[in-house]
Amino acid sequence: MAKRRRYVRGGAAAGAAAVLLTGCGGGDGGGARAAALDRKQVESVLPDAAAVPGWRTHLEPGALKPDPEFPPSVCRVTEEKKADEICLGATSWGASAYARTSDRTSLNFWVLAYKDEKAAGTAYDALAKWYGGDRVGVGARKVGLGDLGDQRLANRADVGTMGGPATIAQVRVGTAVLGISTGTTGEDETSDRDLTAFSGMFAKRAQQAQDGGKPSAKLPSR
């Protein structure tokens, strides 16, 4: 009998636990120029415990400026010659991570901020070559995220780094490149709806910061 795949409400989380712990709006033309984010703004963009009700904090939001001796752990670039430009070229970067013991899942966020949209777009393309294919797991398949941000991609695999289903999404919002990773040691798979909810909430927080406001977007209480 084929194994049935169950969907877990609120999202599962995965590949990013490994990515984080070992190291991971609207169009480009016509409108106002997107603002660059400083380190404190990057930290504020990262979802905190209040933004993800029902999840236990594993890694509190934190942001740093890239250091040649300690490049951003979430910056993974396939083309070695572009690594310094993309990873050390970020103005700041940060991550936060959460877990839910009831269904053995994790939910992880990372952000890389750049001086302008052009630099962010270049970084998005380079990072997508790393995060955008089978990196989430063998046989990864694409997941639609609608029209979130300026650029977006997402992939899901039945077996990720935690042993169960996993997803990795990447979204560019103006001058920032965002990453969202989910996974589990169980069998529950993050639904398209929940992955879009996680990504949409994160993208809105980035847009709020670039608009000069305090990020306040959050997931609905369960």
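This is a predicted model: local features need pLDDT of at least 70, side-chain atom pairs count only at pLDDT 80 or more; totals for chains, interfaces and linings use all residues.

Working definition first: I call it a salt bridge when a side-chain nitrogen of Lys or Arg is within 4 Å of a carboxyl oxygen of Asp or Glu.

Entry 1. I looked up Glu189 and Arg141, and they form a salt bridge with the closest N and O atoms 3.4 Å apart. Glu189 is in strand S9 (residues 189-190) and Arg141 in strand S5 (residues 141-142), so this pair ties together parts 48 residues apart in sequence. Buried or exposed, I wondered about Glu189? Glu189 comes out buried, at 3% relative accessibility, while Arg141 is partly exposed at 33%.

Entry 2. Next I checked Arg156, which makes a salt bridge with Asp192 at 2.7 Å between the closest N and O atoms. Arg156 belongs to strand S6 (residues 151-157) and Asp192 to helix H5 (residues 192-210), so I have distant parts of the chain linked, 36 residues apart. Arg156 is buried at 6% relative accessibility, and Asp192 is partly exposed at 39%.

Entry 3. How many salt bridges does the structure hold? I have nine. Another one of them pairs the side chains of Lys129 and Glu79, 2.7 Å from N to O. Lys129 is in helix H4 (residues 117-131) and Glu79 in the loop between strand S2 (56-64) and helix H3 (83-88), so parts 50 residues apart in sequence are tied together. I noted Lys129 as exposed, with a relative accessible area of 54%, and Glu79 as partly exposed at 24% relative accessibility.

Terms used:
Residues are numbered from 1 along each chain as its sequence is written. Side-chain values use heavy atoms; hydrogens and water are left out. Helices (H or I, at least four residues) and strands (E, at least two) are DSSP runs, numbered from the N terminus. Buried means under 20% relative accessible area, exposed over 50%, partly exposed in between (1.4 Å probe, protein chains only).
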